[in-house]
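Here are a few notes to go with your first look at this one. Keep the viewer open while you read.

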Amino acid sequence: MTKAPPSVLIRLKAFARERGFRVTSGSGGKHNVGSLHPLNRAIDVSVKGKTNDEVEAFMDEARAEGYRVLDERTRPPGQERWSGRHLHCEDRRAYPDD
């Protein structure tokens, strides 16, 4: 998978912020091997201060928009890097040069 245009990352961040969620990571930082973060395709979103219903609603809306969401409120088995309770949201759609 190739690097997506910066607009993809901008849309992901806007999606989360418009729903009152704080983005804690975009394309920068340290991530696991194979991560889509460096490709402008993924964000991490804090769940701090959010109820389970709010988190579930966010995940449902994100999936309805075509995003893939990983619930990382608990550390996934075998994951080397983990920054604490959060949601991982990524865009796996095809873009030019994919």
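**Notes on strand S2 and its sheet**

1. Start with S2: five of its five residues are buried, so the strand is largely enclosed by the rest of the structure. Bear in mind that this is a predicted model. Buried here means under 20% relative accessible area.

2. Which way do the S2 residues point? Ala42, Asp44 and Ser46 go one way, while Ile43 and Val45 go the other, and all are buried. As a rule, side chains in a regular strand alternate between the two faces of the sheet.

3. Now zoom out to the sheet. It is an open one, built from four strands in the order S1-S2-S4-S3, with antiparallel pairing. At the edges you'll find S1 (23–25) and S3 (68–72), each of which pairs on one side only. Neighbouring strands are turned against each other by 30° on average, ignoring direction.

4. On one side, S2 has S1: the two run antiparallel and are joined by two bridges.

5. Ser46, for its part, stands opposite His86 in S4.

6. Finally, what lies across S1, S2 and S4? That's helix H1 (residues 6–18). H1 runs at about 20° to S2, the strand whose five residues are buried.

Notes
Residues are numbered from 1 along each chain as its sequence is written. This is a predicted model: local features need pLDDT of at least 70, side-chain atom pairs count only at pLDDT 80 or more; totals for chains, interfaces and linings use all residues. Side-chain values use heavy atoms; hydrogens and water are left out. Two strands pair if DSSP finds at least two bridges between them. Axes are lines fitted to C-alpha atoms, for helices over the stretch in contact, and angles run from 0 to 180 degrees between N-to-C directions. Contact means heavy atoms within 4.5 Å. Buried means under 20% relative accessible area, exposed over 50%, partly exposed in between (1.4 Å probe, protein chains only).
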